[in-house]
Amino acid sequence: MADGGAEAVLYRLCTYPQPEHRHIVFALGPEDKYAPMLREAGVETHCLGLARGRLTPGAIVRLYRLLRRYKPDVVQTWMYHTNLVGGLAARLAGCSNVVWGLHHTTLVPGTNGKSTRIVNRLCAWLSVSIPSHIVACADSARRVHEGYGYEASKFVVVPNGYETGKFLPDANAGAVVLQELGIDQDAPVIGLVGRWHPDKDHPTLLAAFARVVERFSGARLVLAGTGCTPDNSALVALIRDHGLEGAAHLLGRRNDIPAVMNALDIHVLSSRSEAFPNVVAEAMACGTPCVVTDVGDASLIVGDTGWVVPPRNPEQLAGAIVEALRERSDVEKWKARSHAARQRILSEFSLEKMVERYHRVWALRSA
């Protein structure tokens with residue numbers, strides 16, 4: 001299983017206490033971050049070991065045999081390739097209740113692989129016959145996939161849910177991260193938690209941050225996520241080109257994301273494509289206000305607690321960050337915004353609500 005937001009949601013869904021359900025996870029790919037974590041949590045997990053983006057008839061056969069052995073009441077698939085392979089294998093194995101999952105919005109040539117775009121077209125064609133229902137994590141994802149040709153009558157939108165007991169305000173945890181990085185407690189700290197990937201658009205963030213430091217010379221930028229490391233020559237070159245060598249901190253993949261979120265004054269989502277960006281909700285649950293690009297359901301998550309700007313626009317992104325940092329100087333106003341951000345996640349996007357909604361979908365049958 002890969003290390004991404006969609007995989008994190010699956011982990012939360014499977015490990016949430018649900019005595020009436022038993023989950024078994026079949027991953028097409030090799031062992032990765034979440035497989036041992038799921039097993040440690042008591043969730044039986046099988047990894048078929050396929051290379052990313054490669055589908056073989058053998059994979060369908062192996063999955064078919066596993067499904068025949070376990071005879072699940074519901075097969076919930078999660079992403080494009082598993083929707084196709086898992087859906088076909090489940091139907092062949094006699095499972096009539098197959099629920100597809102969609103955790104992406106637009107597919108862009110050059111950013112998303114050719115095989116993914118082909119699988120998406122096949123899924124659109126098969127959506128009439130294979131799934132009982134299709135769960136989209138965001139309304140934007142539903143609209144886009146209906147445009148791709150997916151069967152509109154089968155869609156159900158289930159927003160992602162978050163562990164608000166894990167992601168919560170913790171000034172001490174944030175202070176530890178700042179001390180580790182050598183950042184002064186009073187310095188304005190902006191950050192992005194997200195892997196190095198074209199969709200995350202780190203170049204736009206760095207271009208925007210270069211403008212921010214012209215107004216706030218002591219500002220610091222924290223980048224956490226797979227590929228955000230000093231050995232990423234492309235990222236380091238961007239930082240150097242913008243003259244940000246002393247202001248940018250590259251953390252790589254971290255296991256203490258709540259602490260990282262608490263170290264930030266503002267979390268920035270600079271993406272050019274998202275469905276339902278988990279990091280925005282996680283930051284808000286920690287009481288960290290967000291500046292986001294208007295992609296997927298980012299603006300829905302933020303509501304009136306943060307700032308929303310167009311994607312691929314460094315000037316407007318910088319302007320929103322500057323506006324946020326100016327408000328930060330008003331302690332009471334900033335405290336109220338931080339509180340509102342967390343309250344929005346508690347009221348609208350709790351893990352409990354997400355699990356309940358999945359349970360309702362699994363109980364449905366085809367019309």
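**Pocket and pairs**

Mentor: The second largest pocket is lined by 11 nonpolar residues (Ala, Val, Leu, Ile, Met, Phe, Trp, Tyr, Cys and Pro), together with 6 polar and 4 charged ones (charged: Asp, Glu, Lys and Arg; polar: the others, Gly among them). This is a predicted model, where local features need pLDDT of at least 70 and side-chain atom pairs 80 or more, while totals for chains, interfaces and linings use all residues. Residues are numbered from 1 along each chain, and side-chain values use heavy atoms, without hydrogens or water.

Trainee: Which residues lie nearest the centre of the second largest pocket?

Mentor: Rolling a water-sized probe over the atoms shows where empty space is left. A pocket is an open set of points on a 1 Å grid where a 1.4 Å probe fits, with protein on both sides within 12 Å along at least five of seven lines; lining residues have an atom within 4 Å of a point. Here, Ala171, Asn262, Ala263, Leu264 and Asp265 lie nearest the centre.

Trainee: How many salt bridges are there?

Mentor: Side chains of opposite charge can pair when their charged atoms come close. The search finds 13 (a Lys or Arg side-chain nitrogen within 4 Å of an Asp or Glu carboxyl oxygen). Arginine 12 meets glutamate 282 at 3.6 Å, N to O, and the two are 270 residues apart.

Trainee: Is arginine 12 buried or exposed?

Mentor: Arginine 12 is buried at 4% relative accessibility (under 20%; exposed is over 50%, partly exposed in between, 1.4 Å probe, protein chains only). Glutamate 282 is buried too, at 9%. In contrast, arginine 143, paired with aspartate 139 at 2.7 Å, is partly exposed at 47%.

Technical notes: Helix = DSSP H or I, 4+ residues; strand = E, 2+ residues; numbered from the N terminus.
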